[in-house]
Amino acid sequence: MIHDFTKCKNIYIICGHTDMRKGIDGLATLIQDSFELDPYSEAIFLFCGRRKDRYKCLYFDGDGFAMLYKRLDNGKLQWPRNENEVRRLTQQQLRWLLEGLTIHQPKAIQKSKKGVF
């Protein structure tokens, strides 16, 4: 089982709120049917409830699904609210999100594209 999720290249955030009563099967079905993604792929899928103080993470590690559930004691997540959207995140955006920041930091220095000299 993978314990170091920083090695995972595919991180998907399910925007909007998700019914946090759903378990592994319900979340995997949501990934597959609503967003046409493969829950068995090497990816992390993140879900958040209405109150934005808890989230779930679903991951398939090769022989079964692992689900992480976290409830924050202080603060709320800045979760994107477009109900029918799934976004791919970078590791840095994931860190920002889990630290209570938005996934778009306008003052952060952005990666530059290759230029022509």
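## Strand E3 and its hairpins

In the hairpin that E3 forms with E4, four residues lie between the strands, and Gly62 takes a positive phi near 110°. This is a predicted model, in which E3 and strand E4 (residues 65-71) pair in the antiparallel sense over seven bridges, with Arg71 in E4 as the bridge partner of Arg54.

Strand E3 (residues 54-60) is mostly covered, seven of its seven residues being buried. In a regular strand, side chains alternate between the two faces of the sheet. Here Arg54, Lys56, Leu58 and Phe60 point one way from E3, while Tyr55, Cys57 and Tyr59 point the other way, and all are buried.

## Aromatic pairs

The count of aromatic pairs comes to four. The rings of Tyr12 and Phe45 have centres 5.5 Å apart and planes at 15°, so this pair is stacked. It links distant parts of the chain, since Tyr12 belongs to strand E1 (residues 10-14) and Phe45 to strand E2 (residues 43-48), 33 residues apart. Both Tyr12 and Phe45 are buried, and Phe45 stands opposite Leu58 in E3. Tyr40, Phe60 and Phe65 form one aromatic cluster.

## Phe35 in helix H1

Phe35 lies in helix H1 (residues 24-35) and counts as buried because its relative accessibility is 16%, under the 20% cut-off. Beyond residues up to four places away in sequence, Phe35 touches Ile14, Leu30, Glu83, Asn84, Glu85 and Val86.

How values were computed:
Residues numbered from 1 in each chain as written. Predicted model: local features only at pLDDT ≥ 70, side-chain atom pairs only at ≥ 80, totals over all residues. Heavy atoms only, no water. Helix = DSSP H or I, 4+ residues; strand = E, 2+ residues; numbered from the N terminus. Buried < 20%, exposed > 50% of the residue type's maximum accessible area, 1.4 Å probe, protein only. Contact = heavy atoms within 4.5 Å. Phe/Tyr/Trp six-rings, centres within 6.5 Å; stacked < 30°, edge-to-face > 60°. Pairing = 2+ DSSP bridges.
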